[in-house]
Structures are given as structure tokens and as C-alpha cells.
Amino acid sequence: MSCVFASLRRFIHSPIMLTLHRYFLLSVAALLSLLVALYASVGQLKPFASWKWFDIIGEGGTALLAAVWLGIICYNRPRGLVTRYFAFGFAALMLGNAADCLDEFFAIPKLHIWDNILESGLNLGGMLSLTAGMYFWQEEQRSLNHHMEKRERIFRDHRGIDRVAQIANAEYLRQQITWQQQQGPACLVMLNIRGFHKINRQYGQAQGDRLVQSLAQWIVLNMDAQDVLCRYAADYYVLLLPGLSLQEAGDYAQRLCDLIDQTEFPLSAIAMQDQVKLRERVRLSMNFAISDLMTCDMLSELSRQLYEAEPQ
Amino acid sequence: MTGAADSLLQFHQISDLALPGHGQAALLLDVARTQEIDLSDCVALTAAVQHQSAISPLTYLEALRSFFIKRPERDSSFLLGQHLLPGHYGHASQALIHALNLRDALRHLCQHYQSLSPLLRPRLIESERFLIVYWCDSYGVPAMRNQLVEMHMSAVVDLARWLADSRLQWRFCFNRPPPRTLEQHHVFLGHDLQFACQLDAMVISREQAERSWPRANQIAWQLAQQQIPESLTAPSLLNLIYDYLSGKLRQQPTLEKTAQDFGLSPATLKRHLSKHGSHFQAELDLCRTHMALYLLTVQGMDTEQVANWLGFHDANNFRRSCKRWTGVSPSSLRADILQRLNQLGC
């Protein structure tokens with residue numbers, strides 16, 4: 001969630017999204033001027049006295065608002081199917097209402113029916129396009145929810161996301177534990193990186209942070225959908241595993257640790273210090289402690305067990 | 001620098017340019033950068049680091065405060081602390097890496113606190129069985145005291161863990177009520193934590209403190225120590241007055257006499273102290289509390305003897321004063337602390 005805010009902040013400064021849609025927006029502007037030119041050349045300017053102000057404000061206002069909506073969509077969304085449908089819909093709605101409004105200034109001879117077709121066609125087409133956009137947006141939201149599921153389960157609260165690891169933090173974990181108490185049995189597994197402080201000393205803190213983040217994302221990819229991963233503190237993570245017995249959770253955690261042992265994690269070139277070679281990778285190994293007691297006090301007990309497992 | 005020109009009692013204050021720009025200030029900017037925290041509004045700090053010119057403790061503290069506000073996560077203080085030591089503060093930092101064991105490293109840290117730990121001064125007590133490091137505020141910033149203590153304790157713990165290449169069994173005392181959650185303390189410091197104590201201290205058994213460190217090198221250690229230039233900076237006002245009062249506790253020091261020895265008028269001393277959020281009586285009580293604690297626990301005196309040593313007319317008087325300083329009577333204070341110490345390493 002915090003990455004969403006970061007990106008929001010970023011393109012308030014430089015509207016990257018807007019530049020993505022610049023050709024589309026330019027074409028819409030060109031079409032609008034074409035429309036004005038068409039009405040002006042074919043139609044006769046009505047005398048000022050016969051202008052119907054009520055219609056002008058109603059239709060012109062609708063066109064203006066449709067333009068604002070088009071702007072909001074283009075400002076906030078990357079290119080894609082949903083964006084395209086929304087953008088076409090609002091653009092058509094805007095042009096249709098603009099044509100409607102131009103009708104009030106220019107008298108088109110009764111013989112011509114193109115202007116009626118244009119108005120109705122654009123409005124109907126716009127509505128159809130918007131409806132299609134709504135439909136696909138629904139699907140998109142569902143898949144985004146699915147994507148967030150492993151990270152948030154039933155709560156959505158951006159304050160519960162850890163800044164570095166981009167997963168839930170200890171505060172959120174406590175909420176989850178309280179919630180899980182009513183849901184049935186579950187296990188808590190706490191994991192930490194063996195000798196993490198040495199990695200921090202050797203490669204620097206920025207690199208350590210990157211590793212904490214990569215490892216978090218790696219675990220998210222390798223765990224089941226109903227599990228929850230949180231960062232407890234520093235290099236300590238907690239997995240909440242609903243519905244598993246102590247034995248099963250132990251096997252699960254052991255498998256995870258075995259997999260991590262076999263994985264090489266990339267060192268980031270951005271956080272690179274002089275002594276890190278390009279494309280260098282490190283191996284990490286993890287310890288874990290486990291409990292089937294769903295209480296917040298259990299967390300400090302688990303961290304004590306891991307702490308004491310460190311060599312003296 | 002202020003103070004009597006001819007006497008040894010020279011000191012600097014929170015607004016004097018007493019800290020090097022390449023020291024901990026540079027480190028703060030570095031950590032802020034990796035954490036994507038923008039400290040460009042701390043103009044004085046940024047400029048000093050760039051030109052490697054001196055800054056005032058006030059500037060550094062304000063930048064720290066700004067960092068903690070912009071990064072409100074609970075681990076910020078510990079994170080900063082982790083890289084505080086040995087640091088890149090010249091020869092004192094260089095030497096620290098070659099320390100033979102924890103005891104020598106702690107002695108070194110306390111001796112060269114001006115470059116290694118200027119904001120909170122570590123003070124070392126070596127008893128028969130324990131080494132106790134307790135932290136004294138050099139500039140009087142109660143609002144940031146908790147974060148500074150976390151930062152400095154985490155610095156020492158991390159340094160020792162790195163140089164000893166193993167986990168040491170520290171015990172921690174905090175002069176504060178327990179925080180709402182403890183996960184950061186547990187992970188960065190350890191599980192042996194006591195809150196609502198009378199001072200911020202960390203304790204380690206002598207056996208662990210004297211265990212030789214894997215990279216210990218006698219020759220390098222001695223050479224490095226010889227290369228450290230004599231510190232030219234006078235101590236901070238609060239550190240100096242603490243030292244002064246500690247040495248004169250038995251002579252019932254007064255504001256007037258102290259001001260005279262410092263070459264100041266009582267009003268000026270008062271004004272200087274209030275700039276550091278303190279006053280004379282508070283400093284005196286602090287010194288007496290620490291001394292009473294020392295005598296009760298390390299020296300093993302009883303209440304009567306301590307009262308006598310501190311110059312109280314009778315033990316009852318001392319008991320009343322002790323309750324005022326610490327909130328508890330001397331005997332329960334002693335029992336409490338002895339019990340904690342005896343749990344350690346036994």
C-alpha cells in the first residue's frame with residue numbers, strides 16, 4: 001500500500017501516466033475542433049435571442065464533466081483494456097454532448113440527419129464503452145484482491161504495512177492473531193536469518209534492507225494463499241498458518257527453510273557499495289521457532305527462542 | 001567555548017560548534033538517504049557535512065528529531081544505532097576495531113566519548129563480577145531521551161556482537177515505563193529488559209567482558225591508541241557539572257560555590273543550565289542518586305553507611321531524600337538491584 005502512495009506522490013510531481021495517453025488525448029482534442037469546424041461550416045449561426053440557455057448549460061456542462069472524468073482516468077491509470085474502454089467511453093460522451101451543445105448555436109438544415117445520428121451514436125457508444133469498462137474493471141479488481149490476499153487477508157490498512165519489506169508489520173500481525181483466535185486452530189512460525197548482522201556489516205544497511213525485502217517477496221510466492229506473512233522486527237518474520245497442526249506446520253516451515261537454503265538472493269546494484277561485484281548473489285539460511293498457541297504473548301516467547309538459538 | 005579562561009573548568013554548550021561535521025551527522029544523512037528520508041530541510045546539517053565543518057549539538061539533535069518524525073517506525077532508533085559504532089570518526093573509531101575484549105572496548109568508548117558517543121556519555125563501573133555502562137545526557141533533551149538511549153544501547157550491542165562474533169548476555173535497565181510493545185527491544189537488544197529503573201544502564205558479567213575477541217591484536221591495539229590525538233574540545237556543561245559534583249558530593253556543593261568554581265555568576269550558571277532543560281538541584285539529585293546506587297550495590301554498603309558517606313545527618317533523612325529522587329526507599333532499591341544483578345550470569 002505504501003508503494004501505491006509513493007507512486008502517487010511521484011506522479012503528482014511528474015505526470016507519467018498522463019504522458020502515456022498523450023496521443024489519445026491529442027486525437028480527442030483534434031476531433032473536438034473538427035466537430036466545431038463541421039458545425040460552423042454546415043450550419044447557420046443562430047441569432048443571439050434564440051439561444052436556449054438552459055440547454056446550453058445542461059449539455060455543455062455534461063460535456064465538460066465528461067472531459068474532467070476523461071482527464072482523471074488518464075491521469076491515474078496505466079494503459080490497458082480497462083483504461084481504453086473508460087477513456088473511449090468518456091471521450092465519446094464528451095463529443096456527443098459537445099455536438100448536442102453546438103446544435104444550440106448553429107442551425108443545421110432539417111434535411112441533414114447526420115447531426116442527430118452523430119449525437120445519439122456518440123452518446124450510446126460512449127455508454128456501451130463505459131459499461132464494458134466497468135465489467136472488465138470488476139475483473140481487474142478481483143484479481144488485484146487476489147494478489148493482495150496473501151498480504152492482507154481481511155483487513156486493509158496502509159499503516160499495517162512495513163516500509164522496508166512491503167508486507168504486514170507486527171501491529172497488523174497482532175490484529176490477525178486476535179482474529180484467528182475466533183476462527184479456529186492455527187500455528188505461528190517465527191523465522192530469522194542466521195547471522196543477518198554480519199550481512200549488514202559486510203554489505204551495508206541498504207543492502208540488508210533489500211535482502212529483507214526480497215526474502216519477504218520470495219516467501220510470499222512460496223506460501224499458500226490462506227497463510228499470512230508479517231515482518232516482526234529487523235530480520236524476524238512471522239508466518240500465520242491457519243488449520244495446520246504443530247507437526248504439519250513444522251514440516252511446512254522446514255520445507256520453506258530448505259528451499260531458502262538452496263536459493264541465491266541477488267544483491268541490489270542500486271544499493272551497491274564498492275566491494276560488491278555486479279550480479280553478486282548471497283545464500284541465506286533461516287532458523288525457525290513454532291507454536292500452536294494463538295496469543296500475542298507467544299510472539300515474544302518465539303523471538304526469545306530464536307534469540308537464544310544464536311551461537312554464544 | 002565558555003568558562004573561566006584560566007581554570008580547567010571549561011565547557012561547551014548545546015549551541016556551540018562542538019561536533020565535527022564528518023562524524024555522526026554524516027552518518028545520519030547516510031542512513032536517511034538509504035531509508036529514502038528527505039533531510040534537505042536540515043540546511044545547517046547538510047551544509048556542515050558537505051564542507052566537513054563543525055556543527056552544534058543542537059543542529060544535530062534537530063536533524064535527528066526530524067528523522068524520527070519522518071520515519072515514525074519503532075525501529076528507527078535501533079536502526080540508526082546499529083551503524084553508530086565503530087563509525088568513521090577518525091583514530092578513535094580505528095582503534096575500537098582492534099580492541100582486545102569488551103572491557104577494553106568499553107573503557108575506550110568511555111574515554112573517547114566525545115567523538116564516539118557525544119550525545120549520550122557512557123560511563124563505566126567495573127565491579128568484581130560485573131561491568132555496568134550507564135548513559136548520561138550530554139545536552140539535556142528529555143523529549144528524545146528514550147530514542148537516544150535505544151540508539152546508543154543498540155550501537156554498543158551491535159558492535160560487541162560483531163567484534164566478539166557471538167551473542168553476549170547483556171542485561172538492560174531503562175529509566176522509563178515499559179513501552180506498549182517490545183519486539184524491537186527484543187530483536188535488537190535482547191530479552192533481559194527491566195523498565196522503571198533509576199538509570200539507563202547495560203550490565204555484562206566480567207567473565208564475558210574479559211573474553212578475548214577473535215580479531216584482537218595487541219600491537220595494533222596499542223599502536224592505534226597512541227595515534228589518537230588529545231581531544232581539544234572541552235566537555236559539555238552537563239558532563240562537566242556531573243564530574244564536578246560527583247567529586248564534591250561529600251562537601252555538600254551549592255549553586256553559589258559551583259558557580260564560583262566555574263568562574264560564573266550564579267545567575268549565569270542558572271541560565272546556562274536552563275538552556276539544557278535542567279537546574280542545579282536536578283543535577284545534584286541525579287549525581288546523588290547514581291552515587292547512592294553505586295554505594296548500595298557495587299560497594300555493598302547499607303543504608304546507614306551510605307547516608308553517612310553522602311553527609312546526611314541521619315539515615316532517616318537520607319531515606320526521605322532517596323524517596324524523593326527515585327520514588328523508592330534505599331533498602332528496596334538495593335534489594336531490587338542486587339536481585340537483578342544476581343540473576344545475571346548465575
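**Starting at Glu119(A)**

Leaving aside neighbours within four places in sequence, Glu119(A) is in contact with Tyr39(A), Gly96(A), Ala99(A), Asp100(A) and Asp103(A). Before going on, please keep in mind that this is a predicted model. Glu119(A) sits in helix α6 of chain A, which covers residues 114–152. Is Glu119(A) buried or exposed? It counts as buried, because its relative accessibility is 8% and the cut-off for buried is under 20%. For a sense of distance, take Asp258(A): it is 139 residues from Glu119(A) in sequence, and the two C-alpha atoms are 66 Å apart in space.

Gln247(A) is exposed, because its relative accessible area is 57% and exposed means over 50%.

Now chain A as a whole. It has eleven helices and eight strands. Of its 312 residues, 43% count as buried. If we take the contacts in chain A between residues at least 6 apart in sequence, 75% of them join residues at least 24 apart. The chain exposes about 16,800 Å², and carbon and sulfur atoms supply 62% of that area.

Which residues make the nonpolar surface patch of about 390 Å²? They are Leu65(A), Val68(A), Trp69(A) and Ile72(A). Leu65(A) is found in helix α4 of chain A, residues 53–76. As for the spacing, an α-helix has 3.6 residues a turn, so residues three or four places apart point the same way. Leu65(A) itself is partly exposed, with a relative accessible area of 49%.

Next, helix α11 of chain A, residues 297–309. It has 13 residues and reaches 19 Å from its first C-alpha to its last, close to the 18 Å expected at 1.5 Å a residue. Its buried residues are Met298(A), Leu299(A), Leu302(A), Ser303(A), Leu306(A) and Tyr307(A). What do these buried residues of α11(A) pack against? Within chain A, the partners are α7 (170–183) and the strands β3 (186–193), β4 (228–233), β5 (236–242) and β8 (286–291). Chain B also takes part, through α9 (183–188).

That brings us to Gln184(B), which is found in helix α9 of chain B. Its contacts, not counting residues up to four places away in sequence, fall in both chains: Tyr232(A), Ala233(A) and Ala234(A) on one side, and Arg74(B), Asp75(B), Phe78(B) and Leu189(B) on the other. Gln184(B) is buried, because its relative accessible area is 9% and that is under 20%.

Last, the cysteines. Cys230(A) is buried, with a relative accessible area of 0%. Cys74(A) also counts as buried, at 1% relative accessibility.

That is the tour; I will take questions now.

Methods
Residues are numbered from 1 along each chain as its sequence is written. Chains are lettered from A and ligands numbered from 1 in the order in which they are written. This is a predicted model: local features need pLDDT of at least 70, side-chain atom pairs count only at pLDDT 80 or more; totals for chains, interfaces and linings use all residues. Side-chain values use heavy atoms; hydrogens and water are left out. Helices (H or I, at least four residues) and strands (E, at least two) are DSSP runs, numbered from the N terminus. The expected span of a helix is 1.5 Å times one less than its number of residues. Buried means under 20% relative accessible area, exposed over 50%, partly exposed in between (1.4 Å probe, protein chains only). Contact means heavy atoms within 4.5 Å. Patches are made of residues with over 30% relative accessible area and no salt bridge: like charges are joined within 9 Å, nonpolar side chains (Val, Leu, Ile, Met, Phe, Trp, Tyr) within 5 Å. Accessible areas come from the Shrake-Rupley method with a 1.4 Å probe; for residues, only the protein chains shown count as cover. A salt bridge is a side-chain nitrogen of Lys or Arg within 4 Å of a carboxyl oxygen of Asp or Glu.
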